[in-house]
Amino acid sequence: MTATVEPSAAEHEVGKARIRKEDDHLITGRTKWTDNLVLPGMLHMGLLRSPMAHARIAGIDVETAQAMPGVVAVYTGADLAEEQGSLPNAWQITEDMKAPQAPSLAVDTVRFAGDAVAMVIARTAAEAQDATEAIDVDYEDLPVVLDLADAASDGSDLVHPDLGTNVSAVWTFDSAEAGTGTDVEDEIRNAEVVVERTFRQQRLIPAFMEPRSVVVDPTGTQITMWSATQVPHILKLMLAMTLGIPEHKLRVIAPDVGGGFGGKLQVCPEEVLALLAARRLGKPVKYTESRSESMQAAHHGRDQIQKLTLAARRDGTVTGLKVELLADMGAYLRLVTSGIPILGAFMFNGIYKFPAYHFTCTNVFTNKAPTDAYRGAGRPEATFAIERIMDELATELDMDPLEVRAKNWIAHEEFPFDTVAGLTYDSGNYEAATAKAKELFDYDGLRREQAERRERGDTVQLGIGVSTFTEMCGLAPSRVLGSLSYGAGGWEHASVRMLPTGKVEVVTGSSAHGQGHETAFSQIVADRLGVPFEDVEVLHGDTQTSPRGLDTYGSRSLSVGGMAIVKAADRVIDKARPLAAHLMEASEDDLEFSDGQFTVKGTEASVGIADVALAVFAAHNLPDGAEPNLDSEATYDPDNFSFPHGTHLCAVEVDTETGFVTVRKYVCVDDIGTVVNPLIVEGQVHGGLAQGIAQALYEDAIYDESGTLLTGSFAEYLVPGAPDLPHFTTDRTETPATGNALGVKGVGEAGTIASTPAVVNSVLDAVRHMGVRDVEMPCSPMRVWKAIQAGQTSSTQEGVR
Amino acid sequence: MIPSGFDYVAPTSLDDAVAALADAGEDAKVIAGGQSLMPVLRLRLNSPSTLVDLGRIAELRGVREDGEAIVVGAMTTHHDVIADQLVGRHAALLTDATQTVADPQIRHRGTFGGSLAHADPAGDLGAVAVALNATLTVVGPNGRRDIGAEDFFTDFFTTALEPDEILASVRIPKHTGWAAHYEKFHRVAQSWSMVAVAATVDVDDSGVIREAAVGLTNMSAVPVRARAVEQALVGQSADLEVIRAAAEHAAEGADPMTDPNADAEYRTHLAKVLTRRAVVAAAGV
């Protein structure tokens with residue numbers, strides 16, 4: 001009988017909606033943010049940034065600034081030209097890719113408004129700020145290149161005259177050449193229907209909550225850098241390679257980090273400059289950017305022009321897709337700028353099985369902030385394009401958009417499926433997710449309401465938008481990255497330490513910045529080792545504690561980082577088994593391990609893993625030659641990506657008098673495989689949806705004709721809040737991934753990737769009958785209203801009113 | 001960012017504040033709730049030599065009745081305006097508009113007078129002040145003077161206040177029994193009005209509009225009255241067709257600007273739609 005209700009080890013942790021163990025310190029702020037750090041003798045860095053988008057620096061007068069109170073040093077690009085090197089780009093996508101020099105501090109030319117031109121080191125942050133304003137820079141105007149299409153054309157003014165072109169690289173994939181499918185030009189020639197559309201992915205600002213911040217301490221034998229970064233390991237390696245500092249003389253710490261969304265997957269000029277200043281002066285240096293600096297100078301996301309040509313038969317069967325992209329790099333290639341469009345190249349076919357696919361991307365320089373990873377990185381762009389054009393095909397053929405999709409998607413019994421883009425989708429069930437979503441959404445009911453509103457010419461029209469998406473998570477099989485000329489692998493590392501008291505320390509190379517790794521990884525380890533959830537501590541984000549790792553991005557932490565932890569935990573059990581056998585004087589082969597206990601099969605005799613850990617610590621009674629240590633390490637390199645999918649349905653109301661769009665209902669059924677913590681999943685989905693809806697309706701980084709960022713604060717750059725968003729109805733189907741033992745797929749970006757096309761499709765569905773063919777993102781009230789006006793004037797048919 | 005250095009004084013009486021402002025010279029600035037000025041300072045768009053903080057002057061807070069008017073102290077917070085019974089009874093339009101200002105945190109710090117003196121064309125309360133024929137009382141070294149709301153706003157972020165004057169209170173003629181509605185249009189809940197319409201009407205028992213007042217936010221460099229709309233409403237019965245026809249006059253005399261969210265054509269259109277909606281909502285049609 002059970003006298004007490006103990007937390008039964010038999011009750012699985014995986015699947016439990018655990019409240020995140022990191023939340024109490026993150027939410028109360030009783031924790032270590034980089035900007036909270038105060039070191040003895042610490043100095044502060046201020047940066048003077050260029051207000052010009054493209055100009056030659058004819059002279060810099062720092063004399064007044066140098067004499068200001070508290071100022072310790074003022075440096076210009078010329079002072080640091082030798083030692084600052086060029087900021088790294090880790091992704092040479094083609095052999096002849098053009099990569100310009102990218103100094104942290106501009107030496108003779110500024111190339112976007114926000115480029116740093118001088119730095120002040122002072123005793124306080126305020127003094128540093130005051131002194132930057134006293135620096136006088138003499139700029140000579142150079143021609144400003146802003147328009148992406150113009151920049152790519154012959155005869156354009158040049159961002160980097162020394163390169164002789166604004167085109168950095170042209171990258172192609174062709175299914176006929178790759179042997180993954182037929183020839184797309186043939187399919188287009190033979191098609192019964194050809195749909196051609198051009199979509200614009202506007203420029204976005206990642207807008208993480210915690211601004212970028214860095215502290216560098218040069219004292220002692222190593223240089224220590226604390227940075228609000230997603231990638232402490234990559235940062236350490238890149239700093240070593242860029243600045244020539246021996247790798248073992250560097251330690252990088254990412255303390256608690258308040259969000260990133262890809263925006264902190266970077267080696268930032270500010271990090272390099274703080275390090276150089278600290279090294280020169282021999283004192284700790286801190287820099288924390290202001291929000292306006294962050295919006296102006298931290299990397300942006302998206303910014304593509306996508307031309308699509310879709311070939312199909314009249315029955316709705318798609319036969320081929322041609323994609324021609326222009327991708328705006330901005331002024332420089334940052335860490336993975338060049339590769340972002342390539343990450344999308346494998347996703348334009350979505351969940352569909354058409355036979356022919358061609359992709360060409362032209363990477364182009366402009367005088368704007370560099371672009372780089374932003375939540376989804378390549379996949380949102382691809383998903384938007386395919387899901388938008390599937391709706392356009394449905395319109396063209398007068399079919400229901402879900403019917404067109406069902407006609408083309410991979411049926412659940414067809415997995416594993418080799419796609420036309422060369423990937424192998426391991427598992428999925430698009431039928432099940434769609435059926436569930438339709439039911440939760442009341443699809444048929446809303447279609448009826450839509451018809452009624454149209455019928456009576458309601459000024460508020462209803463639109464229904466569909467997005468049946470998939471994406472690739474779990475970056476990444478190292479061999480695949482190698483074949484794409486990426487500069488690193490995609491493995492992850494973990495170690496598990498059994499402490500003498502039975503507590504467990506887990507070290508992961510996947511450094512969290514808000515995802516909830518500490519909770520999810522604790523749940524996995526608790527199940528694996530049969531120890532209480534509370535007894536697991538997850539350590540990360542310090543290259544001294546966690547010497548090996550490839551960090552957090554691309555929804556990789558669970559499917560790659562989690563698997564490394566599973567492997568390391570299993571090795572702990574393997575090491576404990578012979579010792580447990582010895583302690584019980586039994587044969588190893590007779591032992592079974594479950595719920596934290598080694599039991600001699602068919603007997604009551606058992607010993608807990610904590611007891612083994614204590615025995616190992618004492619080491620008094622171990623088998624001959626046994627090493628008194630249960631700690632284990634493992635590195636996991638995935639064989640394949642994982643492929644979450646889902647069906648998202650969105651209903652919007654469009655006020656046709658004003659063009660205002662209100663999201664009325666949003667239903668998503670995601671299949672992310674096995675769920676470790678439903679609460680974390682829910683949070684990721686909600687945040688992802690908000691960000692994807694934001695791209696569809698609100699956010700837009702706008703430059704004026706001189707290259708000044710007009711949306712340099714949250715007054716102009718519109719990030720939606722809870723009042724702007726609907727109640728989300730979320731649900732799941734669960735088709736475990738077959739590529740990893742956990743069956744997990746990843747959920748960090750799914751909401752963002754899926755939702756943008758669902759919303760834009762629904763906006764168009766609401767007003768297409770008024771003559772509207774497209775609305776560029778964000779679908780602002782003015783854009784929607786003007787599209788309706790234009791549609792009403794151009795269409796010969798009677799207006800709705 | 002960190003503001004430039006400045007001196008700071010926090011007097012406890014209006015007279016002391018006027019004296020402190022005069023002492024500090026022309027580069028000094030008055031700070032009320034700080035909800036607009038602090039961002040300006042942090043962005044270093046302005047670097048005053050001295051800030052004269054009105055936060056400790058009790059006489060500038062609160063609402064009182066004064067014959068045929070109510071008088072709202074310039075330092076009365078938005079939150080206190082919304083909660084005030086006198087405002088609710090005699091100037092329902094002010095209550096309704098103030099409820100749309102920013103978010104609860106800002107409404108607890110930001111003040112009615114501060115918002116008017118800041119004179120942001122997208123600010124919500126200027127249109128209310130002009131619609132309700134408010135009179136602004138300002139105090140300087142040469143004493144008090146009263147300025148009509150329409151004369152107070154002179155340009156973008158510019159008012160008739162002299163650098164050495166302080167806005168002390170706002171006198172609003174009683175609009176007892178007038179129905180009111182503030183129709184605000186903005187892209188996200190936290191953003192400024194692209195266009196907004198402040199409408200208040202006095203409808204008699206037979207449904208005829210006795211009097212009407214309509215103010216427009218962000219349709220010119222300053223808040224403006226839509227007098228043509230008012231004229232088209234007065235004496236008519238409050239029905240949809242009358243209001244629809246009247247609202248077509250909304251942008252007459254306005255001079256809307258163009259920005260990335262809205263060009264002049266779209267603002268002009270919005271003014272008409274929103275005016276119709278504001279009056280319909282106010283009149284309960």
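Two strands are said to pair if DSSP finds at least two bridges between them, and the strands and helices named below are DSSP runs numbered from the N terminus, a helix being H or I over at least four residues and a strand being E over at least two.

This is a predicted model, in which local features need pLDDT of at least 70 (pLDDT is the predictor's confidence in each residue, from 0 to 100), side-chain atom pairs count only at pLDDT 80 or more, and totals for chains, interfaces and linings use all residues. Residues are numbered from 1 along each chain as its sequence is written, while chains are lettered from A and ligands numbered from 1 in the order in which they are written.

**View 1. An open sheet of seven strands in chain A.** The strands follow the order β3-β5-β1-β12-β9-β10-β11 of chain A, and their pairing is mixed. The edge strands, each of which pairs on one side only, are β3 (71–76) and β11 (250–253) of chain A. From one strand to the next the twist averages 20°, where axes are lines fitted to C-alpha atoms, for helices over the stretch in contact, and angles run from 0 to 180 degrees between N-to-C directions. At one end of that order, β10(A) (residues 223–227) and β11(A) pair in the parallel sense over four bridges, and T224(A) has R251(A) in β11(A) as its bridge partner.

**View 2. Two helices of chain A that pack on the sheet.** Helix α3(A) (residues 77–84) touches β3(A) and β5(A) (116–122), and its direction makes about 70° with that of β3(A). Helix α9(A) (residues 269–281) touches β1, β3, β5, β9, β10 and β12 of chain A, and its direction makes about 25° with that of β9(A). Residues are in contact if their C-beta atoms, placed from the backbone, lie within 7 Å.

**View 3. Strand β13(A) and its two partners.** Ten of the twelve residues of β13(A) (residues 301–312) are buried, so this strand is largely enclosed by the rest of the structure; a residue is buried if 20 or more other C-beta atoms lie within 10 Å of its own, with C-beta atoms placed from the backbone. Strand β8(A) (residues 193–204) runs antiparallel to β13(A) and is joined to it by eleven bridges, with V195(A) standing opposite L310(A). Strand β14(A) (residues 318–330) also pairs with β13(A) in the antiparallel sense, over nine bridges, and here the bridge partner of Q306(A) is L325(A). Five residues lie between β13(A) and β14(A) in the hairpin that they form, and G316(A) in the turn has a positive phi of about 100°.

View 4. Why does A53(A) count as buried? It does so because it has 30 C-beta neighbours inside 10 Å. Leaving aside neighbours within four places in sequence, the contacts of A53(A) include F112(A), V144(A) and N367(A). V144(A) is 91 residues from A53(A) along the chain, yet their C-alpha atoms are separated by 6.4 Å.

**View 5. Where chain A touches chain B.** Here 20 residues of chain A are in contact with 16 residues of chain B. Helices α4 (125–133) and α22 (781–794) of chain A each supply at least two residues of this side of chain A, and α4(A) gives the most, with four residues. For the model as a whole, the scores are ipTM 0.97 and pTM 0.96.
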